[in-house]
Amino acid sequence: MRIAACLPFLCCLMLADLVSAGAQEMQPKQIDIQYVEPKNEKLQPVYEQIRKAHALEMMQSLLQPLRLPRRLLIKTEDCDGISNAWYEDDVITVCYEYLDDLWKNVPSAPTGGIAPIDALIGPTIDVFLHEVAHAVFDYWNTPIFGREEDAADQFSVYFMLQFDKGEARRLILGNAWQYQGDIRSPVVVQSLRKFSDVHGTPSQRYFNVLCIAYGADPVLFGDFVESGKLPKDRAEGCEFEYQQVANAWTQLIEPHIDQDLKRESFVVWLPPVEKQPVRRTDKPDLRRLLRRN
Ligand SMILES: [Zn+2]
């Protein structure tokens, strides 16, 4: 459209039309999902379980309030042995290998106050939300100070905290469980090279989850400090760390959320805490588990 030769008043009208047309293109219900059948038969069980649990349908319904300028596909796929997840060109890929590793990492009985079902669901939802964060930062051209990987983790934790208290606590405990392999010992040995990664170290990501949750609700998550899981030195500033995330969310994310759909989406939807996930006997490769994008 040529706008250089128009009258100033007409230009304003045409520009207003362009702006509103752009705004109208931001639509909710833009999430597509796909379970790609795995080529490797060893991944058939995780493929079947994830379908049976309607994991992608649940993520789709949770994410429908996001107003996006174009469609976003979320798929689960066989990644030829790579245990990872990523976002690229309007597509989120979560590998069956990665979901299988999460599944293998589930304890057989409640451990440290975490139910087996939550040790499965928390990290699973986190991996999807973390990748959704990368996607929406791209779609909305979201300005970010600091590492995008930290912002993506914060997006996921903040999202989990939007549920009612009982569900938020289960999701946060489950999320933190994925770092269990790395925090078992009080001393962590890492290669120097590991610190050059765009992600924080697993132990840092673990403390960040606890801190944001504690900062959001020091009563609901007070046991993190009482039990010594979250050191007092860090805990003192968590209220401000949470406020920083909440402020960024309010300014950068909330304007892109359809409020009517949001009210419908945030319902109680976790399975009962006593539900026992199907057991896997093989042990996970924890190094693989902590390597995702
Ligand atoms: Zn990432």
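## Salt bridges

A search of the whole structure finds 14 salt bridges. A salt bridge here is a side-chain nitrogen of Lys or Arg within 4 Å of a carboxyl oxygen of Asp or Glu. Side chains of opposite charge can pair when their charged atoms come close. The structure is a predicted model, where local features need pLDDT of at least 70 and side-chain atom pairs count only at pLDDT 80 or more, while totals for chains, interfaces and linings use all residues. Residues are numbered from 1 along each chain as its sequence is written, and side-chain values use heavy atoms, with hydrogens and water left out.

Start with K104 and D101. Their side chains form a salt bridge, 3.9 Å from N to O. Both residues sit in helix α4 (residues 96-104), and they are separated by about one helical turn because they are three residues apart. K104 and D101 are both buried. Buried means under 20% relative accessible area, exposed means over 50%, and partly exposed is in between (1.4 Å probe, protein chains only).

Next comes R147, which forms a salt bridge with D150. Their closest N and O atoms are 3.4 Å apart. R147 is partly exposed, at 35% relative accessibility. D150 is partly exposed too, with a relative accessible area of 23%.

E254 pairs with K262 in another salt bridge, with the closest N and O atoms 2.8 Å apart. E254 counts as buried because its relative accessibility is 19%. Salt bridges can also link up: R70, D90 and D138 form a network of them.

## The whole protein

The protein has 14 helices and four strands. These are DSSP runs, numbered from the N terminus: helices are H or I with at least four residues, and strands are E with at least two.

The protein has 293 residues, and 48% of them count as buried. Its accessible surface comes to about 15,300 Å². Carbon and sulfur atoms account for 55% of that surface. Accessible areas come from the Shrake-Rupley method with a 1.4 Å probe; for residues, only the protein chains shown count as cover.

Now take the contacts between residues at least 6 apart in sequence. Of these, 68% join residues at least 24 apart. Contact means heavy atoms within 4.5 Å.

## Helices packing on α12

Two packed helices are described by the angle between their axes and the distance between the axes. Axes are lines fitted to C-alpha atoms, for helices over the stretch in contact, and angles run from 0 to 180 degrees between N-to-C directions. Helix α6 (residues 148-160) packs against helix α12 (residues 238-253) at about 90°, with the axes 11 Å apart. That angle makes α6 roughly perpendicular to α12. Angles under 35 degrees count as roughly parallel, over 145 as roughly antiparallel, 65 to 115 as roughly perpendicular and the rest as oblique. On the α6 side, the contact uses Q154, F155, Y158 and F159. On the α12 side, it uses Y242, V245, A246, W249 and I253. By class, this contact has eight nonpolar residues, one polar and no charged ones. Ala, Val, Leu, Ile, Met, Phe, Trp, Tyr, Cys and Pro count as nonpolar, Asp, Glu, Lys and Arg as charged, and the others, Gly among them, as polar.

Helix α9 (residues 202-216) also meets α12. Their axes come within 7 Å and cross at roughly 90°. So α9 is roughly perpendicular to α12. From α9, the residues are C211, I212, Y214, G215 and A216. They meet C238, E239, E241, Y242 and V245 in α12. This contact divides into seven nonpolar, one polar and two charged residues.

## Four buried residues

D100 lies in helix α4 and is buried, at 6% relative accessibility. Leaving out residues up to four places away in sequence, D100 touches L43, V46 and R280. V127 is in helix α5 (residues 116-140). V127 is buried at 0% relative accessibility. The C-alpha atoms of V127 and A85 are 7.3 Å apart, though the two residues are 42 apart along the chain.

A176 belongs to helix α7 (residues 165-177) and is buried, at 7% relative accessible area. Beyond four places in sequence, A176 touches Y206, V209 and L210. A176 and P202 are 26 residues apart in sequence and 9.9 Å apart from C-alpha to C-alpha. H256 sits in the loop between α12 and α13 (259-265). H256 counts as buried, at 19% relative accessibility. Neighbours within four places aside, H256 is in contact with M26, P65, L66, R67 and W140.
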